[in-house]
Amino acid sequence: MKKLFIKTYGCQMNAYDSARMADLLAPLGYGAVDTPQGADMVILNTCHIREKAAEKVYSELGRLKALKRQKPEMLVAVAGCVAQAEGQEMVARAPVVDMVVGPQSYHRLPEMIARHAREAGHVLETDFRRWKIRFFSRGDK
């Protein structure tokens with residue numbers, strides 16, 4: 001069994017999203033642990049509403065850097081609206097980050113993990129997908 005640590009910042013919606021991410025990763029063999037030490041994957045689920053949100057995330061990433069040096073195979077992901085806002089800059093500023101995922105892309109986490117394993121680089125999913133919507137009038141069939 002792989003170990004998953006999720007640290008949730010901010011709002012109640014983020015707590016819900018963290019639970020969703022854990023559920024998505026369970027079929028891949030990830031089970032929750034209470035600390036990042038020994039985790040195979042760490043997700044920081046961020047909230048931009050909180051004061052100094054980005055600084056808190058970067059501070060936590062600084063602490064994870066030492067842990068990742070001890071265990072380089074550990075995946076570090078940043079999710080949520082700080083990830084959405086920072087995107088590529090986050091990877092440049094904190095190379096410890098393997099994946100950056102915006103709130104609308106949580107469902108892609110399993111695919112992102114597989115892509116990271118294949119490509120051995122940073123994986124970003126922060127763009128809103130555009131959906132083409134067609135409206136019908138009552139006379140259309």
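# Burial, salt bridges and cores in a predicted model

Reader: What makes Arg115 count as buried?

Author: Arg115 has a relative accessible area of 16%. Buried means under 20%, exposed over 50% and partly exposed in between (1.4 Å probe, protein chains only), so Arg115 is buried. The model is predicted: local features need pLDDT of at least 70, side-chain atom pairs count only at pLDDT 80 or more, and totals for chains, interfaces and linings use all residues. Residues are numbered from 1 along each chain as its sequence is written, and side-chain values use heavy atoms, with hydrogens and water left out.

Reader: Why are Glu125 and Arg115 called a salt bridge?

Author: The term requires a side-chain nitrogen of Lys or Arg within 4 Å of a carboxyl oxygen of Asp or Glu. Here the N to O distance is 3.2 Å, so the pair meets the definition. Glu125 lies in strand β6 (residues 123–125) and Arg115 in helix α5 (residues 109–119), 10 residues apart. Both labels come from DSSP runs, H or I of at least four residues for helices and E of at least two for strands, numbered from the N terminus. Glu125 is also buried, at 8%.

Reader: What makes Asp40 partly exposed?

Author: Its relative accessible area is 23%, which falls in the intermediate range. Asp40 pairs with Lys71, the closest N and O atoms being 3.2 Å apart. Lys71 is in the loop between α2 and β4, Asp40 in the loop between β2 (30–32) and β3, 31 residues away.

Reader: What makes the set with Val57, Leu61, Met90 and Val97 a nonpolar core?

Author: A nonpolar core consists of buried Ala, Val, Leu, Ile, Met, Phe, Trp, Tyr and Cys residues joined through side-chain atoms within 4.5 Å. The largest one has 23 residues, and the four named touch the most other members. Helix α2 gives the largest share, 7 residues.
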